[in-house]
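Open the model in your viewer and get ready to select residues by number. Each stop tells you what to pick and what is there.

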Amino acid sequence: MRVAVTTMGCIASDLSVIIVSWNTAGLLETCLHSVRRSATGLGCEVIVVDNGSSDGSVEMVMQRFPEVILIANETNIGYARANNQGLSRASGRCVLLLNSDTEVTEGALGTLLAYMEGHPRVGAVGPRLVRPDGTVQQSCDLFPLRPWEMAWERVVDRLWPQNTVTRQARMTRWDLTQPLAVDWLVGAALLVRREVIAGVGGLDERFWMYAEDLEWCYRMRRAGWEVHYLPHATVYHRQRGSSELTPELTQQLGRQREESLVLFYRKHYGAAAALGLQLVHAWKRWRKG
């Protein structure tokens with residue numbers, strides 16, 4: 001059962017921002033303030049989906065951000081499902097999935113929207129993500145390889161270091177200071193057209209957490225949409241705002257990441273590829289002892 005708390009707010013013509021939070025009250029407050037600043041002049045609505053937090057997140061949003069649409073779940077229903085709750089309420093022409101441990105820089109939202117409007121074949125665009133220490137997070141990537149492709153390309157890279165065809169060689173040539181067509185983007189800050197969502201659907205709720213952004217972008221690319229990285233818009237990303245609570249939880253979420261990637265392989269690459277990936281994961285754990 002969930003309780004939805006709605007507030008009086010403007011109807012978003014430009015943008016809906018969806019933020020899923022679990023026990024990140026302080027980070028969420030910073031994120032919401034940054035969205036307020038960056039959204040100046042835009043028709044923007046903000047939807048917060050709280051996944052059963054016990055740290056006062058719900059009360060903080062209600063008291064300090066009364067314009068926000070709040071969906072308060074009694075339990076943690078997972079990242080993908082919670083985002084889909086937000087998508088069902090969104091009214092903007094574009095929807096931004098935004099992590100609660102992010103801080104949007106001034107003008108970033110307008111820059112992302114303007115880029116989307118100027119590139120009609122782009123279905124999703126993501127900003128440059130910067131860590132608190134100022135280093136740039138890798139937030140775009142090519143689709144993962146099947147296990148036998150990994151082995152073959154490792155041989156090619158070793159025998160022909162100057163090749164231009166393997167995954168590693170292609171990514172080495174990426175100029176991340178310029179807009180770039182990529183395969184997929186990290187979902188910490190991901191702007192998507194409404195018509196894309198109408199065509200490919202929302203996030204796959206079988207992905208409780210992790211790889212749901214990869215899988216979503218995979219469906220977009222298969223449907224003929226382009227996915228772009230835009231470094232001219234910057235979002236600060238703390239990373240793992242909800243997953244550093246204890247070492248045990250961090251280890252559990254690491255295993256969840258592996259399981260989600262196996263699920264992606266099984267769905268899109270087939271059972272043999274999924275089994276191969278499981279063997280790769282088992283081998284890596286054995287090497288670590």
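Start with helix α3. This is a predicted model. In α3, select Y79, A80, A82, N83, N84, Q85, G86 and L87: these residues are buried. The helix covers residues 79-89, and eight of its 11 residues are buried, so the rest of the structure largely encloses α3.

Next, salt bridges. How many does the structure hold? There are 14 salt bridges.

Select E103 and R37. They form a salt bridge, with their closest N and O atoms 3.6 Å apart. E103 sits in strand β6 (residues 102-104) and R37 in helix α1 (residues 25-38), so this pair links distant parts of the chain, 66 residues apart. E103 is partly exposed at 31% relative accessibility. R37 is also partly exposed, at 47%.

Move on to R167 and D141. Their side chains meet in a salt bridge, 2.8 Å from N to O. R167 belongs to helix α6 (residues 167-172) and D141 to strand β9 (residues 140-141), so the pair ties together parts 26 residues apart in sequence. Is D141 buried or exposed? D141 is buried, because its relative accessible area is 15%, and buried means under 20%.

Now pick E258 and R285. In this salt bridge, the closest N and O atoms are 2.5 Å apart. E258 is in helix α9 (residues 247-268) and R285 in helix α10 (residues 271-288), so the pair ties together parts 27 residues apart in sequence. E258 is partly exposed at 22%, and R285 is partly exposed at 34%.

For the last stop, select D204, R206, E215, R219 and K267. A network of salt bridges links these residues.

Terms used:
Residues are numbered from 1 along each chain as its sequence is written. This is a predicted model: local features need pLDDT of at least 70, side-chain atom pairs count only at pLDDT 80 or more; totals for chains, interfaces and linings use all residues. Side-chain values use heavy atoms; hydrogens and water are left out. Buried means under 20% relative accessible area, exposed over 50%, partly exposed in between (1.4 Å probe, protein chains only). Helices (H or I, at least four residues) and strands (E, at least two) are DSSP runs, numbered from the N terminus. A salt bridge is a side-chain nitrogen of Lys or Arg within 4 Å of a carboxyl oxygen of Asp or Glu.
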